[in-house]
Amino acid sequence: MKKVLMTLAVLFAASFVFAASYKNNTYQKLADEYTKKAEQALDAGEYALAEEYAAKAEENAALSEAYIKKMLAKTDCDKAMKDASKRLDYAKSIHADRNFPMAFTAAQQAYATAQESYDGEDYAAATAYANQVLAALADVREITPLPEFYVVRPWADTKDCYWNISGRAYVYNNPLLWENLYQDVENKQNMPRPSDPNLILPGMKMKIPSITGEFREGTYNPAKSYEPYNANR
């Protein structure tokens, strides 16, 4: 009898804990129904029957608690998935796939895994992967694409040569990479002596080849602000 009373007290307290969220589920209704039957049996002195009903009430209350926790996790997951989807859409709209290819690819993969976890009702894992999407795209922003071409200017004004041009932040940010400019077929064709990398003339439209898959577009414009070239982006 004492065990029955303790079980009923616990079930009564639990019904208030979860009253605010998802209370009207099948398991909770059964728990409430068996609780009442246990109380009635107890009042009637039918202690064995009361204990049986209390056990069923306890079992369904546990199922109800698990269901409620799952639904609360789903609610949190729905928000995380929505936030991740919106961030991914924004990244697409600003061409992050070409300006931040590594981050964008990582975000796409994380979102795909999050969707798989969500479909499998593993909401904790889905939330974690959705948060990975946000983390991967945290530094993604709208930027001016790096230039694809550069028009050589007079040496006296800019000290333009393959070495110096390669070292500029919007080109390769490293003068040691100058041969990528010199070895480009189009650039060699525009040189007065293709065998002499030291001889480039003002007005020459120099191609800046992509060397790590970075997206490049247009001709360098000193009036524009460019992000420094980053081989790890």
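A crossing is left-handed if the near helix is turned anticlockwise from the far one by less than a right angle, and right-handed if clockwise. The model is predicted, with local features needing pLDDT of at least 70 and side-chain atom pairs pLDDT 80 or more, while totals for chains, interfaces and linings use all residues. Residues are numbered from 1 along each chain as its sequence is written, and side-chain values use heavy atoms, with hydrogens and water left out.

**Exercise 1.** Describe the packing of helix 5 against helix 6.

Step 1. The axes are lines fitted to C-alpha atoms over the stretch in contact, and angles run from 0 to 180 degrees between N-to-C directions.

Step 2. Helix 5 and helix 6 are therefore roughly antiparallel (over 145 degrees; under 35 counts as roughly parallel).

Step 3. The crossing of helix 5 with helix 6 is left-handed.

Step 4. Contact means heavy atoms within 4.5 Å. Among the residues that meet are Ala103, Ala106 and Tyr111 of helix 5 and Tyr123, Tyr129 and Val133 of helix 6. This contact has 14 nonpolar, 3 polar and no charged residues (nonpolar: Ala, Val, Leu, Ile, Met, Phe, Trp, Tyr, Cys and Pro; charged: Asp, Glu, Lys and Arg; polar: the others, Gly among them).

**Exercise 2.** Determine how helix 3 is oriented towards helix 2 and towards helix 6.

Step 1. The axes of helix 2 (residues 26-43) and helix 3 (residues 47-93) come within 7 Å and cross at roughly 160°. Helix 2 is therefore roughly antiparallel to helix 3, and their crossing is left-handed.

Step 2. The contact includes Tyr27, Leu30 and Tyr34 of helix 2 and Tyr47, Leu49 and Tyr53 of helix 3. Its residues divide into 16 nonpolar, 4 polar and 2 charged.

Step 3. The axes of helix 3 and helix 6 come within 8 Å and cross at roughly 25°, so helix 3 is roughly parallel to helix 6. This crossing, too, is left-handed.

Step 4. Lys70, Asp76 and Arg87 of helix 3 are among the residues that meet helix 6, where Asn131 and Leu134 take part. By class, the contact has 10 nonpolar, 2 polar and 5 charged residues.

**Exercise 3.** Which residues lie nearest the centre of the largest cavity?

Step 1. On a 1 Å grid over the protein atoms alone, a cavity is a set of points where a 1.4 Å probe fits but cannot get out. The count is 1 cavity of 30 Å³ or more.

Step 2. The largest cavity has a volume of about 140 Å³, the space filled by probe spheres set on the points, which are joined across faces, edges and corners.

Step 3. Of its 15 lining residues, Asn99, Leu146, Glu214, Phe215 and Arg233 lie nearest the centre; lining residues have an atom within 4 Å of a point. The lining comprises 7 nonpolar, 5 polar and 3 charged residues.

Note on methods: Helices (H or I, at least four residues) and strands (E, at least two) are DSSP runs, numbered from the N terminus. Angles under 35 degrees count as roughly parallel, over 145 as roughly antiparallel, 65 to 115 as roughly perpendicular and the rest as oblique. On a 1 Å grid over the protein atoms alone, a cavity is a set of points where a 1.4 Å probe fits but cannot get out, and a pocket is an open set with protein on both sides within 12 Å along at least five of seven lines; lining residues have an atom within 4 Å of a point.
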